[in-house]
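Biologist: Could you walk me through this one, and tell me what stands behind each term as we go?

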Amino acid sequence: MTPSQKYLQKLGLKDQDTTAETATEHKEAVPENPRRSFLKKSALGGITLGSAFMFSPVEDLIAQSTQNVRRYSSPSDLKITDMRYCVTTVLGRTAIIRIDTNQGIYGLGEVRDGADERYALMLKSRILGQNPCNVEQVFKSIKQFGGQSRQAGGVCGVEMALWDIVGKAYNVPAWQMLGGRYRDKIRLYADTPEAGSPEEQKKLMDYRINDQGYTWLKMDLSIGELKGIPGTLVNDKFWRNDKGDLQQWGDQSNYMGYGNTAHPFTQIQITEKGLDELAKLVENVRNMLGYDIPLSTDHYGHFDVNNGIRLGKKLEQYRLAWLEDVIPWEYTDQWKMLSDALETPCLTGEDIYLLKSFKLLIDAHAVDIIHPDLASSGGLLETKRIGDYAEEHGVAMAMHQAGTPVSFMANVHCAAATQNFLALEHHSIDLPWWESLVKTTDGRQLITKGFANIPLSAPGLGIELNDDVVKQHLHPSDKSYFEPTPQWNDRRSHDRIFS
């Protein structure tokens, strides 16, 4: 008997190749107790134990010793029993949900950054008692409650958690259930925030390229950068706030403010001088970066498609990887105008929910690259379908991601299974504690030299929360941590959308 087998025997577990005779002898020698029963029912390769047990030395040893042990539960008998949440400070406010089952397996999901956790909690009464392995059936029953952008956060968070559960139940990574993988690692693109000076910008870029090994960067290029430079914009003063800023993300209390006014309706114009100033910003970055690394741009401000074309033409000499969200995603005809007028690839999609909304852009060849955010687009399977549909039409897929490691890993699995994938955004490079929010269940690093590592054998999403670290970064408005939510158990509406 090997040391591993002896240790497992002591704990009431057995290796896959343990004989029936040995198992019988062991059963007689070591009476079962509730703790061993729990371990036998909830150990999936020793790595799907609840977070209360995950981080003690004994459980770490079990994880190493039981990687090939079969599960003893039956996926066909799984039932959803609870949904709980916590709210982190990642990207200001990002909620993580946990879906529990009757067999001790649970799944992690995420409600998109900036979205209310109640988008997910309202779905609890609609999924209680369901078998989480029926991912598509459950998704179809709740997708009517999702909407564009962050309104989809609840549906997508539930879908992520279901795949995490199913992977653990069947002992396979999520990418395997999406059809297998095309790649061994996932290329990341590093979002680089605006800097106060070229020197500071160079420092940020050097950190990403030389220290962390990223091979693709993105920069903001906002007309807000033209503040204080006379003669660069027309009609901008009307829209500036009391601090003289163009508040791009808006004042939610002011429906008619700049940030809440769609691009065609501001009538802000960029002068030739303004275009030259914006081009200088890109030129400075290109001079520091060179042309070996792709450079994408984003967050231009709210102006119409005509000014978007003018800006795009001014920037063509810098061979940008893409122009992102120049105008709102739903203006398909205007995106077609923009794409036809420019040589630089055009991209949108981070706020689009479901394949049917992407089809309009793809069918019209209105964009060169789609850019779904899996926490808004419908979750893993729907985003995989979006990528496959785009591939059939010669359109590539990059992926937007600005959340915790939970949605990050959901994206990693989807990217692994999608052939036309280009790169995945990583938005929290400057948060030193971000990676430590989770612990990988196979011991790998989340990220190595600008690439995400794919879990080759770890089931589900391949992560568990590092409870102590997450608790250090709970949002001050809600310090609860996966408390019971019985107030969301009761279903009070008739949801069918047809007669």
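Modeller: Gladly! Let me start with a term: two strands pair if DSSP finds at least two bridges between them, and strands are DSSP runs of E with at least two residues, numbered from the N terminus. This is a predicted model, where local features need pLDDT of at least 70 and side-chain atom pairs count only at pLDDT 80 or more, while totals for chains, interfaces and linings use all residues. Residues are numbered from 1 along each chain as its sequence is written, and side-chain values use heavy atoms, with hydrogens and water left out.

Biologist: What makes strand 1 and strand 2 a pair?

Modeller: Eight bridges join strand 1 to strand 2 (residues 94–101) in the antiparallel sense; because the definition asks for at least two, they pair. One example is Val 87, whose bridge partner in strand 2 is Ala 95.

Biologist: And how do you know that strand 2 and strand 3 pair?

Modeller: Six bridges link these two antiparallel strands, with Tyr 106 of strand 3 as the bridge partner of Asp 100. They form a hairpin with four residues between them, and Gly 104 in the turn has a positive phi of about 85°.

Biologist: Why are strand 1 and strand 3 at the edges?

Modeller: The open sheet has three strands in the order 1-2-3, paired antiparallel. Strand 1 (80–88) and strand 3 (106–111) each have a single partner strand, so one side of each lacks a neighbour in the sheet.

Biologist: What makes both faces of strand 5 covered?

Modeller: In strand 5 (residues 217–220), Leu 217 and Met 219 on one side and Lys 218 and Asp 220 on the other are all buried.

Biologist: Which strands pair with strand 5, and how do you know that they do?

Modeller: Strand 4 (residues 185–192) pairs with strand 5 in the parallel sense over three bridges, and Thr 192 stands opposite Met 219. Strand 8 (residues 295–298) also pairs with strand 5 in the parallel sense, over four bridges, and there Met 219 stands opposite Thr 297.

Terms used. Buried means under 20% relative accessible area, exposed over 50%, partly exposed in between (1.4 Å probe, protein chains only).
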